[in-house]
Amino acid sequence: MRYALISDIHANLPALDAVLAHIQRDAFDAVYHLGDLVGYAPWPNEVVDRIRSTGIPGVAGNYDSTVATDYKHCGCRYEDAQQELLSHLSYEWTRANVSASTKAWLGTLPFRIDVRPLGGHVSGPTLTLIHGNQTLNTVYVTEDRSDDFLATMGAALGARDGDIVAVGHTHKPWHRVVSGIQFVNTGSVGRPKDGDPRAGYVSLEVGTAGVAVQIVRVEYDVDAAASAIIDSTLPNDFAEYLQTGGRVVSTRSA
Ligand SMILES: [Fe+2]
């Protein structure tokens with residue numbers, strides 16, 4: 001089975017459409033999203049409509065679950081007062097601009113999804129999709145986490161040797177194997193933070209012979225997305241952020 005895993009689209013419709021076109025050319029068996037469909041860019045309703053109309057299942061990111069419930073804060077992290085201000089502006093803009101339908105649908109997203117790629121009634125391997133970690137969709141599972149951290153997380157999720165745990169939220173893709181469990185961070189479609197402005201997703205192949213993970217990057221019209229942000233009432237900082245792949249404002253807000 002070949003899966004395309006997409007995450008952290010963050011209301012960036014041009015990036016999503018470029019990734020979906022790329023995925024379509026490559027004949028995947030299934031596509032899943034790992035949350036954070038909205039926030040930071042001006043197409044929250046359009047992105048949700050695209051995900052709904054293409055029938056892509058997925059889990060709730062912190063942005064999705066907080067917008068859906070009018071929570072007091074998006075659960076985003078920031079490192080200084082300026083980033084805190086920008087984070088709040090994005091959250092309030094998104095809450096003010098999502099339709100009732102978008103908001104209600106975001107509230108239906110599950111916290112985690114478990115997939116059995118090889119089917120049948122045997123016990124593995126299992127692909128588990130979550131946004132953050134096993135208990136919170138706001139925990140940053142970064143590449144520099146210790147082996148102990150990942151092993152504990154895998155055990156808490158019920159993952160075993162040969163299973164795959166896929167996460168998003170950090171906007172930086174990576175792949176590690178700890179205790180025989182494949183940990184994959186799918187990066188970000190619409191707001192990468194690794195200095196590469198191209199949209200990102202992960203290609204995952206699971207067969208009887210094992211697991212293959214490929215981190216994929218896709219060119220899209222970043223300047224068009226940046227222009228739309230500037231033309232909107234969102235902060236212009238978010239346009240520069242897209243154009244530099246997160247280099248200018250080293251925020252960890254997500
Ligand atoms: Fe995010």
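Two strands pair if DSSP finds at least two bridges between them. Helices (H or I, at least four residues) and strands (E, at least two) are themselves DSSP runs, numbered from the N terminus. Keep both in mind for the first stop.

Before you click, note that this is a predicted model, where local features need pLDDT of at least 70 and side-chain atom pairs count only at pLDDT 80 or more, while totals for chains, interfaces and linings use all residues. Residues are numbered from 1 along each chain as its sequence is written, and side-chain values use heavy atoms, with hydrogens and water left out.

**Stop 1: strand E5**

Select residues 164-167, which form strand E5. On one side, E5 runs parallel to strand E4 (residues 127-130), joined to it by 3 bridges; look for Thr128 opposite Val165.

**Stop 2: the iron ion**

Center on the iron ion and select Asp8 (OD), His10 (NE2), Asp36 (OD) and His171 (NE2), its protein donors, at 2.0 to 2.3 Å. Donors are N, O and S atoms within 2.8 Å of the metal (3.2 Å for Na, K and Ca), and because water is not among the atoms, sites may look incomplete. In sequence the donor residues follow the spacing D-x1-H-x25-D-x134-H.

His10 sits in the loop between strand E1 (2-6) and H1, and His171 in the loop between E5 and strand E6 (174-178), so this pair ties together parts 161 residues apart in sequence. His10 counts as buried at 1% relative accessibility, and His171 is buried at 0%.

Why is the arrangement of the 4 donor atoms irregular? Their angles around the iron ion are 83 to 175°. Four donors count as tetrahedral if all angles lie between 85 and 135 degrees; four count as square planar and six as octahedral if opposite donors are over 155 degrees apart and all others between 65 and 115; anything else is irregular.

Stay on Asp8 for its backbone: phi is near 50°, a positive value in a residue other than glycine. Asp8 lies in the loop between E1 and H1 and is buried, with a relative accessible area of 0%.

**Stop 3: the nonpolar cores**

Select Ile6, Ile23, Leu37, Ile51, Leu106 and Tyr201, the residues with the most contacts inside the largest nonpolar core, which has 49 residues. Such a core is a set of buried Ala, Val, Leu, Ile, Met, Phe, Trp, Tyr and Cys residues joined through side-chain atoms within 4.5 Å. Helix H1 (residues 13-25) supplies the largest share of this core, 7 residues. Apart from it lies another core of 16 residues, including Tyr3 and Ala166.

**Last stop: Asp70**

Finally, pick Asp70, in the loop between helix H3 (62-69) and helix H4 (81-97). Asp70 has a positive phi of about 55° although it is not a glycine, and at 39% relative accessibility it counts as partly exposed.

Methods
Buried means under 20% relative accessible area, exposed over 50%, partly exposed in between (1.4 Å probe, protein chains only).
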